[in-house]
Amino acid sequence: MKQKNFFQLFSFFLILSLFLFCKKEEKTIGVVSFLKGNPSLERNSKKQEIKSGEQIQEGDLISTDGKSILIVSFNNDIGEIEIQTNTVLSIDSFLKNKKSLQLKKGNVWTKITKLSKNDEFSLHT
């Protein structure tokens, strides 16, 4: 009987520790490598100012005003994107083989240098 109770108690604490210590993986797609002005970022319905070196994540909405420009360097050296003034860009998905961005308003410049054979990069307007 004591072994059964011990096993149940051990199992309970094991499951509890998994829930407490396992953090949801953030899907960082790149980092802000250049910044001018005061662009903003909306993440999880919270708006914040972007700082140089800021990590950009899947699901982020990036906005620039008339005096802001920023460059995001993508992970794994696949390239970069320059987000021009008065632009709104959504990072829709950035999966291993499929990267998808949506330009809601404005202009961007992209430089993609390194994609694998089965990789896909798309910018929707």
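Which residue in β7 is the bridge partner of S73? The bridge partner of S73 in β7 is E80. The points below set this pair in its context.

1. Basis of the model. This is a predicted model, in which local features need pLDDT of at least 70 and side-chain atom pairs count only at pLDDT 80 or more, while totals for chains, interfaces and linings use all residues. Residues are numbered from 1 along each chain as its sequence is written, and side-chain values use heavy atoms, with hydrogens and water left out.

2. Confidence. The pLDDT (the predictor's confidence in each residue, from 0 to 100) averages 85 over the chain, and 79% of the residues score at least 70. By element, the lowest mean pLDDT, 61, belongs to helix α1 (residues 2-21), and the highest, 97, to strand β5 (residues 61-63). Where pLDDT is low, the predicted coordinates should not be read in detail.

3. Secondary structure. Helices (H or I, at least four residues) and strands (E, at least two) are DSSP runs, numbered from the N terminus. The order from the N terminus is α-β-β-β-β-β-β-β-β-β-β-β. Of the contacts with a separation of 6 or more, 44% are between residues 24 or more positions apart; contact means heavy atoms within 4.5 Å.

4. Five-stranded sheet. Five strands form an open, antiparallel sheet in the order β4-β1-β6-β7-β10; two strands pair if DSSP finds at least two bridges between them. The edges are β4 (55-57) and β10 (108-112), each with a single partner strand, so one side of each has no neighbour in the sheet. From one strand to the next the twist averages 25°; axes are lines fitted to C-alpha atoms, for helices over the stretch in contact, and angles run from 0 to 180 degrees between N-to-C directions.

5. Six-stranded sheet. Six strands form a second open sheet, with mixed pairing, in the order β3-β2-β5-β8-β9-β11. Its edge strands, β3 (46-49) and β11 (120-124), each pair on one side only. Neighbouring strands here are turned by 20° against each other on average, direction ignored.

6. Strand β2 (residues 40-43) pairs with β3 in the antiparallel sense over four bridges, and S40 stands opposite E49 in β3. The two strands form a hairpin with two residues between them, and N44 in the turn has a positive phi of about 55°. Three bridges join β2 to β5, also in an antiparallel arrangement, and here S40 has S63 of β5 as its bridge partner. β5 in turn pairs with strand β8 (residues 88-94) in the antiparallel sense over three bridges, with L61 opposite S90.

7. Burial and core. Of the 125 residues, 33% count as buried (buried means under 20% relative accessible area, exposed over 50%, partly exposed in between; 1.4 Å probe, protein chains only). The largest nonpolar core has 19 residues, and V72 and F74 have the most contacts inside it. Such a core is a set of buried Ala, Val, Leu, Ile, Met, Phe, Trp, Tyr and Cys residues joined through side-chain atoms within 4.5 Å. At least two residues of this core come from each of β1 (28-36), β6, β7 (79-83), β8 and β9 (98-105). Not counting residues up to four places away in sequence, V72 touches I29, G30, V31, V32, I56, G79, E80, I81 and I83.

8. T64. This residue is in the loop between β5 and β6 (69-74) and is buried, with a relative accessible area of 9%. Its side chain reaches the backbone oxygen of Q84 at 2.5 Å and the backbone nitrogen of N86 at 3.2 Å. A polar contact is a pair of N or O atoms within 3.5 Å; within protein, one must be able to donate a hydrogen and the other to accept it, and residues adjacent in sequence count only if both atoms are side-chain atoms. Beyond its neighbours within four places in sequence, T64 has contacts that include P39, L70 and I83.

9. Positive phi in two loops. Most residues other than glycine have a negative phi. D77, in the loop between β6 and β7, has a positive phi near 55° and is exposed at 60% relative accessibility. N86, in the loop between β7 and β8, has a positive phi near 50° and is partly exposed at 39%.
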